[in-house]
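The points after the lead are grouped by topic.

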Number of protein chains: 2
Amino acid sequence: MRRSRRLKHWGWGYEDQAPTAAQLREAAAGIRERFGFGGEARAAVPPAEVEVRAPRLRRPEAFGDLFTDEKYERVSRALGKAYRDVVRGHRGEFEHPPDLVALPRDCSEVGTVLSWAEAEGAAVVPFGGGTSVVGGVEARLGDRPVVTMDLRRLDRLVEVDATSLAARIEAGATGPRLEEQLREHGLTMRCFPQSFEYATLGGWIATRAGGHFATRETHVDDLVESVRAVTPRGTWESRRLPGSGAGPSPDRLLLGSEGILGAITDAWVRVRPRPEWKAAATVRFEGFADACEAVREIVQAGLDPANCRLLEAAEAEMTGAGDGSAHLLLLAFESAHHPVDGPLQVALAAAEDHGGRPDAPRVTEPSPPSHSGRNPPSTGRKLKEGLSFRPTNKGGAREGDGSAAESWRGAFLLAPYLRDTFVSCGVLSETFETAITWDRLEEFHAAVMATTRRVVAEVSGAPREGRGAPLVTCRFTHAYPDGVAPYFTVLAPAVRGGEVEQWDEVKAAVSEALLEGGGTITHHHAIGRDHRPWYDRQRPAPFAAALRAAKAELDPAAILNPGVLLDP
Amino acid sequence: MRRSRRLKHWGWGYEDQAPTAAQLREAAAGIRERFGFGGEARAAVPPAEVEVRAPRLRRPEAFGDLFTDEKYERVSRALGKAYRDVVRGHRGEFEHPPDLVALPRDCSEVGTVLSWAEAEGAAVVPFGGGTSVVGGVEARLGDRPVVTMDLRRLDRLVEVDATSLAARIEAGATGPRLEEQLREHGLTMRCFPQSFEYATLGGWIATRAGGHFATRETHVDDLVESVRAVTPRGTWESRRLPGSGAGPSPDRLLLGSEGILGAITDAWVRVRPRPEWKAAATVRFEGFADACEAVREIVQAGLDPANCRLLEAAEAEMTGAGDGSAHLLLLAFESAHHPVDGPLQVALAAAEDHGGRPDAPRVTEPSPPSHSGRNPPSTGRKLKEGLSFRPTNKGGAREGDGSAAESWRGAFLLAPYLRDTFVSCGVLSETFETAITWDRLEEFHAAVMATTRRVVAEVSGAPREGRGAPLVTCRFTHAYPDGVAPYFTVLAPAVRGGEVEQWDEVKAAVSEALLEGGGTITHHHAIGRDHRPWYDRQRPAPFAAALRAAKAELDPAAILNPGVLLDP
């Protein structure tokens, strides 16, 4: 069942999700009409016509089906999902296919793959869902042979501790796969990055993925209780602890290590009962600065909304969440334990104080009898109900309620699919994300927008304003008491055949602006190979030296994902 | 002014805080009466009679007053504040005094100290408040000369960003010093470890101190926005960012590094306006297991109380917070933005569901006009007031309200002073702290209590029960959705002259029990030298190798705090 679908050999999603030629033609016309740019739809080079170099490693027979040299496997694991990857995949250009793909079933087989590769002088690229948008899985290593280690066979929920609300899950489990297994226990991890459908737990940990929560537990980091990774020099396994102060955190050195120190095989993660109380509202703002101040007050008040995403008017319009007449703040609180319309009202009051106009809150309560079984007896329940603060539209709203948040969520999950269509139709489509403290936000946002608009217009030869001008929009994906994570989206006419160079130029200019403005080169997309030049300047030099030394110690033959975070 | 008081050359606090001989005699009698053990008070060896070896390093004249070889400085910086340190200090035994004490004024002078020491082949021990209870500041290095680098001259608030609620503070600022400077801006860091009065920001960061908050931001880790440290191979300075996913976190490798990678000189930390709304209550439980379940429900509900400390009945009695008839749960919420009696009521309802009996909540509201200047205009204010849920005793409670929480807080801050008195009066007084997931708590707690009771009775020759039996009590200092941090306190008859050996035996047995039960050797007391044997077993071997390699890279001459975390 869940094994019968294969990932597309290029772009986003499964093979059966690709649009037909007629659908693509229609899409191309629609894009031209809506944006004033884009060309005719071009079909991707079909798998059969893709040419890849012969494997430079001979598949070792001794290990059964642990290694494969099948073309589909090698091609579909050759690239990530950055715009420059999707463009090349669409053209059938797979410059750096792995020579072999390894499919370990357990920790011991992961160790076997590492030992074999080390003996062969081959590099090993750990591979989860392959959703990297930063060149994290493409081994650009010249003559050095490469084994891509796909962890998809390690996809089980191994153990549940319902008392501590924690679960041990294998690294290759995708979002849906791990949620499906947790659901049997009435639990959820609630880590919903945009890559949710395909990306894996191990990938999230290795890249410090940003998840569902717009505040507080913004990265997967905070959901990790302990991690196990196999390194070329033994297994790295931390204790299951709710908190510890014993030296620098071992887990925090693996979090974000992007496969250069070891291959993560499983982790104990913090889970929770499914939320049954929800309260959400959308707030419209005329001024963007006012909206920022509202977000700042809400997070600095310690209200911790699960959703707190600010969409610029243009971004709201593009995603269908709004009509472009106002900036939208999507606010939502959730709990498996008690009503949350109280904190929503406090947040809405703060938003109103900054000129926001909230719509009617949508409040969800558990349908009796509750499924969670964690409801307290009547006394407590009564008190908890007392917390409900003047709910309006009580019980009327569920997921799929036609709200701005719902439209945005749909667009959010659709975006990577849509990008394949953009690529087919000659549209450059890219995103940049960062984080910055509040004090520098206004200037930073203005500078990054200006740079992006300028360079995108330059490389696409498009007008800077009016019909046919590139679209550059912004939203805030995560918010903190001391700052925010802005996320920029770009749509522009692609120069056909020159997309990669075009992208490289935009990437470089925008990345410079992010760095110069004091931001981070990535808030949750990771470093990979594409962010290296700016990451190298951002990180403290002694830390880089420490990381290099740590890697040399654990991976002396430098087999693990060479070129990521550090030079190969 | 603030420079006029000198720290005692042994034990806790300033010189002028030592009890008189008459007070000590009285205390000894009181202790014997209350506990049925303890002996006559013995005076500490006075500073003038302390003998220390001559400095093995000649004070370099070229650097003015950067280095000193004064006896008081060398003696008072020779030991931390573990029981075994206080005992030895009391006896006048300072085996490992630093040869010189360095007192840098800025980053550049910190670099000078490191360079000079490296050239001289000397070790450098970074020193904050010297409150380590794990041998973190005692250089047990045999013939190797030692410079203790006291950072007390770096104690300034350098910069405040009131918009992002962050402040740059130098590492040598003690708790009161940094809070006094933040107060001028209406801000507070609210990091209140037991060592608050003497310990420093740099020390907290280097040891991952546990602070004020019983849930959520339990360690100083979460309050750190960026850190600067001087290493022997250059300055390690991270960017100010509210969040980032750019590789493994550089800050998280310095957090808990205990001075082995570099000397922390300053940090940007997250601060906040002083809380003006508070809501607190004490809940009594007959069954300890019920009380644990209440705590578990409260933290798993995501309520995040600022205080959520469970005291076993015996511990409550010992600290004067209770009469020993019930286990006490101290609950408190606080906010600078809105009323918090609503979440307190939800928490109390949960506690009642588990058999808890709450006293009347104490609710504090800001006195008009508010000092924070952050109050929203009337609309928002009205809504926020609407959140107040049936407050009782409104406005009647302030700090110092005579509540159980207040008694406990007083005892908490007094404990280290009291320990000096215990040492003088022949009482062994020690604490052990750890963390464990909820699923293992019951068995773990029972096993650690049993081991501690057994070994303490053995080494003290005291009866295991009845009058004169050692006291072993427990509280939970921090609580997490997936577990809790138990903290054990021991009082027993000391074997005079054999206190260190007695302590070593207890320490070893209890530490074994912590490790075997699956806990951590420390939740917030750090590793130092005393926790090494168990830390070495607890941490993943490849992580130890990585840390060793990182240190070798940044500190090739191994001058920085040798013996801490890693072998010298």
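The model is a predicted one.

- In general, the strands of a sheet pair through backbone hydrogen bonds, either parallel or antiparallel.
- Strand β8 (residues 224–231) and strand β10 (residues 263–270) of chain B pair in the antiparallel sense over 6 bridges.
- Within that pairing, B:V227 has B:A267 in β10(B) as its bridge partner.

**A helix pair in chain A**

- Helix α3 (residues 83–91) and helix α14 (residues 499–516) of chain A pack with their axes 9 Å apart, at an angle of about 175°.
- An angle over 145 degrees counts as roughly antiparallel, and α3(A) and α14(A) are therefore roughly antiparallel to each other.
- On the side of α3(A), the contact is made by A:Y83, A:R84, A:V87 and A:R88. On the side of α14(A), A:E499, A:V500 and A:W503 take part.
- The residues of this contact between α3(A) and α14(A) divide into 4 nonpolar, no polar and 3 charged.

**Strand β20 of chain A and its partners**

- Strand β20 (residues 483–493) of chain A is mostly covered, with 11 of its 11 residues buried.
- Strand β17 (residues 427–433) of chain A pairs with β20(A) in the antiparallel sense over 7 bridges. The bridge partner of A:E433 in β20(A) is A:Y487.
- Strand β18 (residues 436–437) of chain A pairs with β20(A) in the antiparallel sense over 2 bridges. Here A:T437 stands opposite A:G483 of β20(A).
- Strand β19 (residues 471–480) of chain A is also paired with β20(A) in the antiparallel sense, over 9 bridges. In this pairing A:A479 stands opposite A:V484 of β20(A).
- β19(A) and β20(A) form a hairpin, with 2 residues between them.

**The nonpolar core**

- The largest nonpolar core has 334 residues. Those with the most contacts inside this core are A:V295 and B:V295.
- Leaving aside neighbours within four places in sequence, A:V295 is in contact with A:C308, A:L310, A:L329, A:F476, A:A479 and A:V484.

**Residue B:A294**

- B:A294 lies in helix α8 (residues 288–300) of chain B.
- A residue is buried if 20 or more other C-beta atoms lie within 10 Å of its own. With 26 C-beta neighbours inside 10 Å, B:A294 therefore counts as buried.
- Not counting residues up to four places away in sequence, B:A294 touches B:L329, B:A350, B:A351, B:H354 and B:G356.
- B:A294 and B:R42 are 252 residues apart in sequence and, C-alpha to C-alpha, 45 Å apart in space.

Definitions and conventions. Residues are numbered from 1 along each chain as its sequence is written. Chains are lettered from A and ligands numbered from 1 in the order in which they are written. This is a predicted model: local features need pLDDT of at least 70, side-chain atom pairs count only at pLDDT 80 or more; totals for chains, interfaces and linings use all residues. A nonpolar core is a set of buried Ala, Val, Leu, Ile, Met, Phe, Trp, Tyr and Cys residues joined through C-beta atoms within 7 Å. A residue is buried if 20 or more other C-beta atoms lie within 10 Å of its own, exposed if 12 or fewer, and partly exposed in between; C-beta atoms are placed from the backbone. Two residues are in contact if their C-beta atoms, placed from the backbone, lie within 7 Å. Axes are lines fitted to C-alpha atoms, for helices over the stretch in contact, and angles run from 0 to 180 degrees between N-to-C directions. Helices (H or I, at least four residues) and strands (E, at least two) are DSSP runs, numbered from the N terminus. Angles under 35 degrees count as roughly parallel, over 145 as roughly antiparallel, 65 to 115 as roughly perpendicular and the rest as oblique. Ala, Val, Leu, Ile, Met, Phe, Trp, Tyr, Cys and Pro count as nonpolar, Asp, Glu, Lys and Arg as charged, and the others, Gly among them, as polar. Two strands pair if DSSP finds at least two bridges between them.
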